[in-house]
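Trainee: I have a model open and would like to talk through its fold with you. Could we take it a piece at a time?
Mentor: Gladly; bring up the structure and ask away.

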Amino acid sequence: MYITMLGTGSAFAKRYNNNNALIESGNYRLLVDCGITLPKALHDHGVTFAEIDAVLISHIHADHVGGLEELAFQMMFKYGRKPRLFIEESLAQPLWEHTLRGGLVQGELNALDHFFEVRPLTHGQTYELAPGLHVKLIKTEHIPGKDSYSFLFNETFFYTADMVFNGELLTNLVQAGVTTVYHDCQLESPGVVHACLDELLTLPREIQDHIYLMHYGDALEDYRGKTGAMRIVEQGEKHKL
Ligand SMILES: O=c1ccn([C@@H]2O[C@@H]3COP(=O)(O)O[C@H]3[C@H]2O)c(=O)[nH]1
Ligand SMILES: [Zn+2]
Ligand SMILES: [Zn+2]
């Protein structure tokens, strides 16, 4: 599988797009999150919504779901079909009621599954999304009372939803065979709702070796060379996993 971060920025970043990814496995294309900036970022990448097989959602913040209205409308009115939506079952109703309903409702089109081919997922279970592409959702802490799910792909690649620092989880995953971790990182301390760089730097070198930082702010250039053994994911670069 290959991953390209169409954006690597924090919710407030202006130099970087929202932290959303394009995963490719054979001919299968999966969007991981679809934030406000995603429609333009995908366009700039030379891919149309019609060429996306499915979108997978981590949690309900605009930098992760704010592009879904355009996705739904483009697919309905431009391409005449529903996009496939993988989402943890606990998030489907809140996504509709609290985020999408206002913009999408018109007449009898008044439910999430009128616009999306919804595939509810249960966290902790492994699903085959396409041949050679499996995912397990892991519930991780972000905002109190707001469900958020990180992704374990093919048992070897861990992609964090926005999450607070959890060194024990990272250590356990690496010990269980995870080779690559893409981790959201707030550059400034304290982290509060994200892991911050200072917290991630407390990890032992053998864990840091596996970590790539994403979801960073506009001050990234001031932090190059200060991320220990952790590398930085560059927006737009395609990596083989
Ligand atoms: O209790 C809170 C809730 C939110 N926020 C900010 O709003 C942003 C929403 O998107 P995000 O989850 O990528 O990042 C969040 C933070 O930057 C915060 O600092 N404290
Ligand atoms: Zn975010
Ligand atoms: Zn968030």
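Trainee: In which loop is the place of Asn154?
Mentor: A word on the source first: this is a predicted model, in which local features need pLDDT of at least 70, side-chain atom pairs count only at pLDDT 80 or more, and totals for chains, interfaces and linings use all residues. Residues are numbered from 1 along each chain as its sequence is written, while chains are lettered from A and ligands numbered from 1 in the order in which they are written. Helices (H or I, at least four residues) and strands (E, at least two) are DSSP runs, numbered from the N terminus. With that numbering, Asn154 sits in the loop between β9 (149-153) and β10.

Trainee: Is Asn154 buried or exposed, or something in between?
Mentor: Phi of Asn154 is near 50°, a positive value in a residue other than glycine. For burial, 20 or more other C-beta atoms within 10 Å of a residue's own make it buried, 12 or fewer make it exposed, and a count in between makes it partly exposed, with C-beta atoms placed from the backbone. Because Asn154 has 15 C-beta neighbours inside 10 Å, it counts as partly exposed.

Trainee: Why does Asp33 count as buried?
Mentor: Asp33 lies in the loop between β3 and α1 (38-44), and has a positive phi of about 70° although it is not a glycine. Asp33 counts as buried because its C-beta neighbours inside 10 Å number 27.

Trainee: What is the bridge partner of Ser25 in β3?
Mentor: Strand β2 (residues 21-25) pairs with strand β3 (residues 28-32) in the antiparallel sense, over five bridges. The two form a hairpin with two residues between them, and Gly26 in the turn has a positive phi of about 60°. Within this pairing Leu22 stands opposite Leu31, and the partner of Ser25 is Tyr28.

Trainee: How many residues of β2 are buried?
Mentor: On another side, β2 pairs with strand β1 (residues 2-5) in the antiparallel sense over four bridges, with Met5 bridged to Ala21. β2 is mostly covered, and of its five residues the buried ones number four.

Trainee: What is the bridge partner of Phe157 in β11?
Mentor: A second open sheet of seven strands has the order β7-β8-β9-β10-β11-β12-β13, with mixed pairing. In it, strand β10 (residues 157-159) and strand β11 (residues 180-184) run parallel and are joined by three bridges. The partner of Phe157 is Thr180.

Trainee: Which peptide bond is cis?
Mentor: Look in the loop between β11 and α7 (197-200), the place of Pro190. With omega near -5°, the cis bond is the one from Ser189 to Pro190.

Trainee: Which residues are around ligand 1?
Mentor: Near here means that a residue's C-beta atom, placed from the backbone, lies within 6 Å of the molecule. The residues are Ser10, Ala11, Phe12, His61, Asp63, Ile143, Asp162, Val192 and Val193.

Key: Two strands pair if DSSP finds at least two bridges between them.
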